[in-house]
Amino acid sequence: MIITVTLNPALDKTLQVPNFTPGRRHRTVDQVTMPGGKGVNVARAIKRLGQPVIATGLAGGATGTRIVEALNDEAVLNAFVRIRDESRTNTAVLDPTTGLQTEINERGPAVAPQELELFHDKLLYLAKGASICVFAGSLPRGMDPAVYADLIRDVKRLGVTTILDTDGEPLRLAMRAEPDIVSPNELEAEELVGQEFNDVEDRAQALLEMSRLGAPEAIMTVRDGCYANVREDGHAMYRVSVPEQEARSRIGSGDAFLAGYVAARYSARAPVECLRYAVACGAESIQHFGAGVVDPGRIERLLPEVDAERLELGAEIR
């Protein structure tokens, strides 16, 4: 079983608005509302890829009820802890004429210490039957930024592989708990290691730095694929890419990427094949309107276009 943890889930509303201009009145030509937050999106995609997954986290108020009910309608197994304060609603505006998207994300609910303790107990119960646990997304307002670090340490003690996808202070602190895999995007990785990346060598060195910070394996997503430092006969670095695809919406493509990687890893594929499958999933997802929506058949047809290049820097991880 795979677990995804979403401490700050949302009801995500995506609006398609041609020629969107701030300050003017507009009408949508298409819209979709679905449960969201990184972990939820990852769970949706893993489910569509045919692997067993359960989504957990914190859900509050009427919005939390809608999130849980909608996941049930999608047949995504879930076990959220109910909290008193209201879960958030996020809004994204996609302009199909320019491809630009504008996202407005609410901060999320306040979580009482007793509610977080209940979640901690539920997660450890679920982890006893799991092999992989994905911690993904932002934290609700006021929550201790070290919470991911604490949860990762406890889940790792049960022998579960831990995967982390967050940013900022929660990411920096969680690295001290040594998650098995960390998967930021390029901007998040730049913030973590404290420098901008200008070329392939900068990005490869950043992978080494992320591993030195605590994560044995590091995967950094970029627009056309990823850079990765993975365990393969010791350690191996790869640049994995796919030709640019025509996009309907790029919202949630990173979540589809991570879902593809987790699904392939759960199936015990070779490390480089996990990366190739992840890139195919992220690329295919941009054809859809809605985060975490993927078509397994189209992913398989896209796989032959995904290229994996091994990087040799002459550097060793210590």
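Which residue of strand 13 does Gly225 stand opposite? In this predicted model, Gly225 stands opposite Ser241 in strand 13.

1. Basis of the note. The model is predicted, so local features need pLDDT of at least 70 and side-chain atom pairs count only at pLDDT 80 or more, while totals for chains, interfaces and linings use all residues. Residues are numbered from 1 along each chain as its sequence is written, and side-chain values use heavy atoms, with hydrogens and water left out.

2. Ten strands form an open sheet with mixed pairing, in the order 5-4-1-8-9-10-11-12-13-14; strands are DSSP runs of E with at least two residues, helices runs of H or I with at least four, numbered from the N terminus, and two strands pair if DSSP finds at least two bridges between them. At the edges lie strand 5 (78-83) and strand 14 (307-311), each pairing on one side only.

3. Strand 12 and its neighbours. Six of the seven residues of strand 12 (residues 225-231) are buried, that is, under 20% relative accessible area with a 1.4 Å probe, protein chains only. Strand 12 pairs antiparallel with strand 11 (residues 217-222) over five bridges, with Met220 partnered by Tyr227, and with strand 13 over seven bridges. In the latter hairpin, which has three residues between the strands, Asp233 takes a positive phi near 55°.

4. Strand 13 and strand 14. These strands run antiparallel and are joined by five bridges, and Arg239 stands opposite Glu309 in strand 14.

Technical notes
Buried means under 20% relative accessible area, exposed over 50%, partly exposed in between (1.4 Å probe, protein chains only).
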